[in-house]
Amino acid sequence: MHAGNRPHSSVARLTSSMRGVGSCASGASSCADADRPKVLITGGLGQLGVGLAKLLRRRFGENNVILSDIRKPPNHVYHHGPFIFSDVLDYTSLRETVVNNNVSWLVHYAAVLSAVGENNVALAKEVNITGLHNVLDIATEHGLRLFVPSTIGAFGPSSPRDPTPDLCVQRPRTIYGVSKVHAELMGEYYHHRYGLDFRCLRYPGIISADSEPGGGTTDYAVQIFHAAVKSGLFECNLRSDTQLPMMYIDDCLRATLEFLEAPAETLLNRTYNIHAMSFTPHGLAQEIQRVLPDLKVTYNVDAVRQAIADGWPMALEDTAARRDWGWKHEYDLAELVQAVLAHVTTGNQLARAH
Ligand SMILES: NC(=O)C1=CN([C@@H]2O[C@H](COP(=O)(O)OP(=O)(O)OC[C@H]3O[C@@H](n4cnc5c(N)ncnc54)[C@H](O)[C@@H]3O)[C@@H](O)[C@H]2O)C=CC1
Ligand SMILES: CC(=O)[C@H](N)C(=O)O
């Protein structure tokens with residue numbers, strides 16, 4: 001966007017890459033001041049950002065983690081740690097934020113997800129591709145550690161689907177997927193060419209209890225819990241036998257922190273699959289019905305979402321993540337259902353009490 005404003009010295013400065021990016025010893029619950037990174041999270045008001053900020057603030061201190069987005073934060077977010085407006089399409093202002101706050105790690109969550117992206121390709125292209133270019137250049141210029149999540153959506157119908165390995169054909173058929181393959185490749189290129197400390201995990205569909213999904217194909221797996229507790233009725237927009245890889249948010253956020261803290265020399269790859277479980281809408285409904293037997297699920301298939309899901313992996317192969325930096329999931333389907341139902345039920349009781 002503001003290419004004309006960009007410094008031409010970014011390559012020359014790359015030798016300073018990673019300087020000042022201290023990493024805390026794994027296993028410690030918090031780290032010494034000198035080792036604490038200053039983290040900026042873009043797109044932080046979506047399904048994942050607030051939870052990640054909470055986790056990182058526990059580890060690095062409240063004021064060392066800045067949440068940012070282009071939306072107004074709810075009160076509970078605004079009053080619990082630094083929040084600023086930051087549009088990833090505004091190169092100059094993003095650069096200013098990084099400089100003024102002495103940012104050393106950047107978690108780039110701003111994105112337009114799969115279903116919304118198919119409805120607004122121009123917006124997805126702008127946010128997911130132009131936004132990424134801005135972030136890559138700024139991270140490179142200032143020697144940041146840069147985390148960009150990828151997704152199961154970075155694969156397509158011609159990829160092996162069960163399981164999908166780290167390295168295979170990637171020909172996604174959504175603008176979301178295309179933009180994420182682009183992010184993986186650009187990040188790896190900047191790593192090899194300029195020494196950028198680029199790190200990327202391919203997340204499965206993420207299930208959370210207290211944050212809403214932002215318009216993806218896997219959203220049904222969050223919405224079903226709220227419907228199950230509120231009304232006992234759920235209309236699912238994917239076919240009952242659509243198997244996709246999924247993960248509980250606590251595992252996803254912990255993976256992100258552990259991966260960010262992993263010593264660079266242990267990372268043989270810069271982009272890793274991570275896996276926890278796979279299920280279908282039918283399988284998830286059955287598991288919820290063990291606790292809430294009255295739940296009734298009907299199916300009204302959304303053609304766009306179904307076509308997307310039909311080209312996505314059924315399971316991810318993640319032995320490299322387990323081998324290189326010790327990835328291990330804690331939640332399988334039964335634990336996931338218990339945890340999410342407990343949160344949603346408590347949340348509903350509290351809401352009724354007020
Ligand atoms: N939630 C999931 O199941 C998965 C998420 N991911 C990735 O994780 C990241 C975070 O995902 P979610 O929190 O679920 O996304 P989300 O859609 O819930 O939130 C994205 C956020 O980006 C913000 N945003 C949009 N345009 C922006 C701009 N120009 N500048 C700054 N912020 C902007 C939005 O306001 C929103 O708060 C995304 O990159 C997504 O692709 C990957 C796989 C699975
Ligand atoms: C799996 C994802 O990337 C996201 N939840 C989506 O469905 O678009």
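Analyst: This is a predicted model. In the shell around ligand 2, the residues divide by class into three nonpolar, seven polar and no charged.

User: Which residues surround ligand 2?

Analyst: The shell consists of L113, S114, T151, I152, G153, Y176, G205, G216, T217 and T218.

User: And ligand 1, how many residues surround that?

Analyst: Ligand 1 has 28 residues around it, and the closest are G43, G46, A110, A111 and G214.

User: How do those divide into nonpolar, polar and charged?

Analyst: The ligand 1 shell has 14 nonpolar residues, 11 polar and three charged.

User: Which elements supply at least two residues of that shell?

Analyst: Helix α5 (121–141) does, and strand β8 (205–207) does too.

User: Changing topic. How is the protein divided into domains?

Analyst: Domain 1 covers 3–205 + 248–273, and domain 2 covers 220–245 + 278–314 + 331–353.

User: How many residues are in contact between domain 1 and domain 2?

Analyst: On the domain 1 side there are 20, in contact with 13 residues of domain 2. Both α4 (114–119) and α8 (249–261) supply at least two residues of the domain 1 side. Helix α4 gives the largest share, three residues.

User: What classes make up the side of domain 1 that touches domain 2?

Analyst: That side has seven nonpolar, seven polar and six charged residues.

User: What about the largest nonpolar core, how many residues does it have?

Analyst: The core has 95 residues. V39, I41, L106, L146, I207 and I224 are those with the most contacts inside it. Domain 1 and domain 2 both contribute residues to this core, so it lies between them.

User: Take L106. What is it in contact with, leaving aside neighbours within four places in sequence?

Analyst: L106 is in contact with L40, V135, A139, L144 and L146. L146 is also among the core residues with the most contacts, as is L106.

User: What does UniProt list for residues 39–274?

Analyst: The UniProt entry, which is unreviewed, lists that range as "domain: NAD-dependent epimerase/dehydratase". Over residues 39–274 the chain is 41% helix and 18% strand. The end C-alpha atoms of that range are 23 Å apart.

User: Now backbone geometry. Where is the cis peptide bond?

Analyst: The cis bond joins D162 and P163, with omega about 0°. P163 is in the loop between β6 (150–151) and α6 (175–194).

User: And N102, what is its phi?

Analyst: Phi of N102 is near 55°, which is a positive value in a residue other than glycine. N102 belongs to the loop between α3 (91–100) and β4 (105–108).

User: Why does N102 count as exposed?

Analyst: N102 has 11 C-beta neighbours inside 10 Å, and a residue is exposed if that number is 12 or fewer.

User: One more, L268. Buried or exposed?

Analyst: L268 is exposed, because 10 other C-beta atoms lie within 10 Å. L268 sits in the loop between α8 and β11 (271–273).

User: What is L268 in contact with, beyond its neighbours within four places in sequence?

Analyst: L268 is in contact with A320 and D324. L268 and W327 are 59 residues apart along the chain, and their C-alpha atoms are separated by 14 Å.

Definitions and conventions: Residues numbered from 1 in each chain as written. Chains lettered and ligands numbered in written order. Predicted model: local features only at pLDDT ≥ 70, side-chain atom pairs only at ≥ 80, totals over all residues. Core = buried A, V, L, I, M, F, W, Y, C linked by C-beta atoms within 7 Å. Buried ≥ 20, exposed ≤ 12 C-beta atoms within 10 Å, placed from the backbone. Domains from an automatic or database assignment. Contact = placed C-beta atoms within 7 Å. Near = placed C-beta within 6 Å. Helix = DSSP H or I, 4+ residues; strand = E, 2+ residues; numbered from the N terminus. Nonpolar A, V, L, I, M, F, W, Y, C, P; charged D, E, K, R; others polar. UniProt positions renumbered as here; feature names shortened; annotations may be inferred.
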